[in-house]
Amino acid sequence: MQVAPAIRSSRLSRRATSLLLLAPTTLLYLTVYLGGLVMVLVMSIDVPPGVDSGGATLAHYRDVFGSAPIGAIVLRTLRDSLATVAGCLLLGVPVARYITASASRWKGIVLMAVLSPLMVSAIGRIFGWIALFGPGSVIADGLTALFGGKPTGLLYTEAAIIIGLTNLLLPFMVLSVASSRAHFEEDMSKAALSLGATPLSVLLQVELPLIFPGILSGALIVFSLSTTNFVTAALLGGSGRDLVGYEIYLDILVYFQQGRGAALAMLLLVVVVALMALAIQTGVQRHEVRDTAARTRGT
Amino acid sequence: MSETVAAGGPPEQEAFLQLRDVAKNLGGNPVLAGVSLDVFEGDLLGLLGPSGSGKTTLLNIIGGFTDLDAGSVRIAGQDLTALPPHRRDIGITFQKYALFPHLTVFDNIGFGLRQRKVAAPELRQRVGEMLAVLGLTGLAGRYPRSLSGGEQQRVALARALAVRPRLMLLDEPLANLDAALRQRVRFEIREILRSTGVTSIFVTHDQDEAFALCDRVAVLRGGRIQQIGTPAELIYQPANAFVARFIGSPNVFEASVQHYDAQTQSIRFVRDRFTGAACVRAPLTPGTRVEVFVRPDEVVIARADDVQPAKFRVKDWVHLVSGREAWIEGPITLRARLPSEATHLERGAAVIPSWRPERAHAFAIEPAPPAAATT
Amino acid sequence: MMRVLVVLAVVFATLPGVIVVLASLTAGQSLAFPPQGLSLRWYEVIFADPDFRDALLTSLTLATITSLLAVSLSALAAISIVRYRSRATALIEAMLLSPLAVPHIVIGIGILQLYGYFGLRADLLTLTLGHLIITIPFALRMLITSLAGMDRQIEHAAASLGATPRAILFQVILPQMKMGLLGAAISVFILSFDDVALTVFLVQPGYTTVPIMLFGMAENQVLPSIHAASVILLLASWLGVILIDRLIGFDRFLFRDGPSG
Ligand SMILES: Nc1ncnc2c1ncn2[C@@H]1O[C@H](COP(=O)(O)OP(=O)(O)OP(=O)(O)O)[C@@H](O)[C@H]1O
Ligand SMILES: [Mg+2]
């Protein structure tokens, strides 16, 4: 099919305009962002100073897999992240159902209370837990009175990390489930009830299958955000070497084991990107993942 | 496919808007397959077609929002292909109005004048004129979302007309109005377009609307123009089976040709033991399968007397605003419209249907092309 | 049962914020809740600290500049992505949104290494570039959504009335995106004002932000002035939430049209 030159040139100028609009941002990302990611990769296979074999090495990866504490750290990360997912499910699913049900009276207030933390200073809130759990607090005194032992309370325990992470990541679960519940209409449950289903079987056979993608993508998002988190672990955690994210932070900024930290970071990157891709696939609507969003909040 | 069909005006006059073999593929489908069309200065042409026939796409091409794949669009002899939309000077009203939500009614109407750097006093005066003409004077300060559908529609019209474009394109301007309002606004639009004398194309899928408003109507289907003509031509001389079926919701039935009369260009057909007459556009040999189209208001029914073998019986009555419709059943089922005061025929009564031959149209049924298997 | 869990979730979600506000008002020396007596003395202490005042100024400047730049760049990018869709723009869109799925700790390490390689020191420019990387995806996502929801024919109408592409951009598209731009600007401000995960890799002694200062202080300072500083961060974000709720409606901001129904 022949295309008039005038049309071709107008298409060309449209393309030029579009790329011009994208140019500054693309340039920034290519240099600072992708450049940085390449640096991490390079760092992770860079030959350690002192060894002059030249070229690349997998020594740092061997170091990661070979080191004794890493097994324990990964295990603890998995345990804490799964516990966080469980906590978010327990509280998040009822909240998501409540704010999407038409009859809810306090919808606005519940929505604001549970979802506004997406926007509210994560680090600021962590100090709330420190005040509540730390030595001298009601909870610490109560625990000492009940069980005896050290007066440091819950602070610096795994329980504190799990509570902190659940508090941080609850909104993601709520958003994900609430969005998937947009596909559930209350008339459906009325229809099911009129056909003789019990409320429980309506929940299990009608509603659950519909919101399941939301639950799954919420779980994946919460899981990956908690594995990469280090701020909560650093402030509420115990010995320090609790979670993978914190381990990387320590390697890079405290122990100066750049290669090992970078290798660990690359492994984490691969796992998390895979989980996120899965979450995007499962998420009912693509735009929900924008709210993977506030992942920044304290990761 | 490139034969040009003139819409109005003496043929020697150069058409104001000329489309030649306009073709457009979207997503692999030929949405427009070689449309050629002439519209003469001052004309109001209706563009009628079922949903998805390519009407909006055609307007988008004329307006410059969609590139064409082949063919050309000319206005007053000037080729528009390379002209961007904002330099075409074509007024458009959109299917869903597309008013600027962030501007008041006044600023919506003044938008085009502002682009043309019209000075404030003149702008105020011209917007004021448009407000008055369209009966919107009290609404100047309001925002579009606070207007009713009919008011929004008039703002859209005022906005397009305010710049005095050389061509107006109206895409189903009445589609979102309720029935009563549609009737009224239909004539308002006709009056306004007439009084401004602007050349216009009025898109609709409602034939009543097209016939009420336009001098000439082009019927579009599957990206091809089927026929262009006055309403009467479309009704009484449909060019093909599609137009015959599309206009006036006729009775449709299959039959076979018994006899062709070259003098009157008509046939006698037979269907089971029922025979009738219909006019044709081309000679047909006896035995050809045809589709016959006859509108209910052309069908006359009479009570069958004892001599005639009654082939039809009244099955049911339907009351319409314009009269009553009888469903009669025989070898075929027919609808026949009767004025309300006509004799009552009880259900089950034996009747004979008939019509004037020139009011029924028969077209040979073309064997389905083998390629159709792919669609 | 469900009701009980909802109430529990509301309490759980709001608890730490409320606790830290109350704990910051203590008259005593202890970080712990409940506070001993009420006073504003720890706010006086924190504001008297020149390091804190520097950090606060840095944070505010950084967040303001990041917000303006991220929103402007995202607006241009969103218009290109939504209105001139092509294979190239789709690829670029994927790249610009990808930091949503990449752990910020990894981005942080990368930028740290990159800056180190080129000998760049922590200053407003280097921090801003880092913050742009993590905030643009949010702004872009929001603006793409708001732009994609806009009726394309409104732009066609403007063109048919003689508006040039430039006039369409400034007189038709941007005014309609006003609320989206505002929402994006507020979110980016808060994200930037509050970030630890990335910023911790970019700061240097003598040039730091409030959240990073808090992060460092947690390990060695045990005075309630740390709570007072937290409350300042909280207040800024609460103000942002209230603004968004008043201007756009918080549920619309999160779900576009509110969570179902
Ligand atoms: N971008 C596109 N990609 C693929 N197909 C398209 C595209 N735009 C339109 N079409 C198809 O082109 C055909 C004509 O569309 P068009 O909008 O012109 O129809 P229309 O006659 O205006 O219909 P309506 O009366 O419903 O407004 C339709 O079948 C439509 O599905
Ligand atoms: Mg249309």
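**Two interfaces in a predicted model**

Visitor: How many residues are in contact between chain C and chain A?
Guide: In this predicted model, 94 residues of chain C are in contact with 95 residues of chain A.

Visitor: How much area do chain C and chain A bury between them?
Guide: About 8,200 Å². Carbon and sulfur atoms hold 78% of it.

Visitor: Which residues of chain C lose the most area to chain A?
Guide: C:Phe12, C:Phe215 and C:Phe255. Together they make up 8% of what the chain C side buries.

Visitor: What about salt bridges and polar contacts there?
Guide: Zero salt bridges are counted between chain C and chain A. Seven residue pairs are in polar contact across that interface.

Visitor: Which helix gives the largest share of the chain C side?
Guide: Helix H1 of chain C, residues 2-24. It supplies 16 residues of the side that touches chain A.

Visitor: And how does that side divide by class?
Guide: It has 70 nonpolar, 14 polar and 10 charged residues.

Visitor: New topic. Which domains does chain A have?
Guide: The domain assignment gives domain 1 (1-44) and domain 2 (59-298).

Visitor: How many residues are in contact between them?
Guide: Four residues of domain 1 of chain A are in contact with nine of domain 2 of chain A. The two domains bury about 510 Å² between them.

Visitor: Which three residues supply 80% of the domain 1 area?
Guide: A:Val40, A:Met43 and A:Ser44 supply 80% of what domain 1 buries against domain 2.

Visitor: What classes are on that domain 1 side?
Guide: Three nonpolar residues, one polar and no charged. Between the two domains of chain A, the salt bridge count is zero, and one residue pair is in polar contact.

Technical notes:
Residues numbered from 1 in each chain as written. Chains lettered and ligands numbered in written order. Predicted model: local features only at pLDDT ≥ 70, side-chain atom pairs only at ≥ 80, totals over all residues. Heavy atoms only, no water. Domains from an automatic or database assignment. Contact = heavy atoms within 4.5 Å. Buried area = accessible area lost by both parts, 1.4 Å probe. Salt bridge = Lys/Arg side-chain N within 4 Å of Asp/Glu carboxyl O. Polar contact = N/O pair within 3.5 Å; in protein donor to acceptor, adjacent residues only side chain to side chain. Nonpolar A, V, L, I, M, F, W, Y, C, P; charged D, E, K, R; others polar. Helix = DSSP H or I, 4+ residues; strand = E, 2+ residues; numbered from the N terminus.
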